[in-house]
Amino acid sequence: MTSEPIDPKRQAILDGATRMFLAHGYRNASMEKIAQAAPVSKATLYNHFDSKSALLSAVISDRCKSLLQTMTQVTIELDDVENNLTQIATSAVDLIFSEDALAIYRLVVAESPDFPELGQLFYQSGPQAGLTQLENYFRRLNATGDFSIIDPVFAADAFFSMLKGDLHLRCLLSKTLRPSADEKKRLISQVIAFYMRGILHAKP
């Protein structure tokens with residue numbers, strides 16, 4: 001799969017917006033401040049993003065890009081399901097336990113009571129996109145005849161839920177508690193082993 005060329009101006013805007021949103025919150029991060037942080041002119045900023053909500057959506061999508069690219073790639077190959085799921089799990093765990101992702105999650109939860117559209121924006125740009133791709137992958141597995149995944153929607157949700165577990169909540173509550181590389185590997189290994197024995201081969 002060939003990656004699209006990166007627009008340096010767009011990436012600079014996304015990086016600047018991320019810093020502003022995390023430092024000042026959604027309400028207090030004005031488009032003018034974001035343009036200064038990039039740094040680009042306001043005209044350039046608006047040429048790329050016509051609103052602050054569109055910019056936040058792009059920031060979230062950018063942070064989810066690695067996971068979504070990995071999932072797109074593995075859905076092409078159906079012959080090594082365990083390896084595919086391990087790749088997806090690795091990208092997912094690297095994402096959800098990253099400092100930026102945890103900070104954005106805290107930001108959205110804090111702002112959502114006053115700006116409920118933020119919660120929906122976050123869900124559509126990140127979690128929902130990942131769930132939809134994994135559901136589609138499971139349906140393709142069913143179509144091969146080698147698997148009989150009873151409920152692909154539940155199976156996708158269970159997969160990501162097990163990767164988050166109680167650890168994600170504890171990380172959200174403490175800025176210092178994040179899993180090490182070895183802890184992430186162990187988590188992924190345990191989830192994949194349990195998942196392969198359970199949901200993917202469960203009988204109706």
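Helices here (H or I, at least four residues) and strands (E, at least two) are DSSP runs, numbered from the N terminus. The model is predicted, so to speak of local features we ask for pLDDT of at least 70, and side-chain atom pairs count only at pLDDT 80 or more, while totals for chains, interfaces and linings use all residues. Residues are numbered from 1 along each chain as its sequence is written, and side-chain values use heavy atoms, with hydrogens and water left out.

View 1. The C-alpha trace spans about 55 × 35 × 30 Å along its principal axes. Of the contacts with a separation of 6 or more, 72% link residues 24 or more positions apart, where contact means heavy atoms within 4.5 Å.

View 2. Buried residues make up 42% of the 204 in the chain; buried means under 20% relative accessible area, exposed over 50%, and partly exposed in between (1.4 Å probe, protein chains only). The accessible surface comes to about 11100 Å², with 53% of it belonging to carbon and sulfur atoms. Those areas come from the Shrake-Rupley method with a 1.4 Å probe, and for residues only the protein chains shown count as cover. As for charge, we have 21 positive and 23 negative side chains, and the centres of the two sets lie 5 Å apart. Lys and Arg count as positive and Asp and Glu as negative, with His and the chain ends not counted; each charge is placed at NZ of Lys, CZ of Arg, CG of Asp or CD of Glu.

View 3. Most residues other than glycine have a negative phi, and most peptide bonds are trans. The bond from Ala38 to Pro39, though, is cis, with omega near -15°. Pro39 is found in the loop between α2 (31-37) and α3 (42-48), and Ala38 has its place in that loop too. Ala38 counts as buried because its relative accessibility is 13%. Skipping residues up to four places away in sequence, Ala38 touches Ala12, Ile13 and Gly16. Ala17 is 21 residues from Ala38 in sequence and 7.3 Å from it in space, C-alpha to C-alpha.

**View 4. Helix α6.** This helix (residues 99-111) has 13 residues and reaches 18 Å from its first C-alpha to its last, close to the 18 Å expected at 1.5 Å a residue. The expected span is 1.5 Å times one less than the number of residues. Its buried residues are Ala101, Leu102, Ala103, Ile104, Leu107, Val108 and Glu111.

View 5. Ala129 counts as partly exposed because its relative accessibility is 22%, whereas Gly130 is buried, at 4%. Leaving aside neighbours within four places in sequence, Ala129 is in contact with Leu68, Tyr123 and Gln124. Gly130, not counting residues up to four places away, touches Leu68, Met71 and Phe160.
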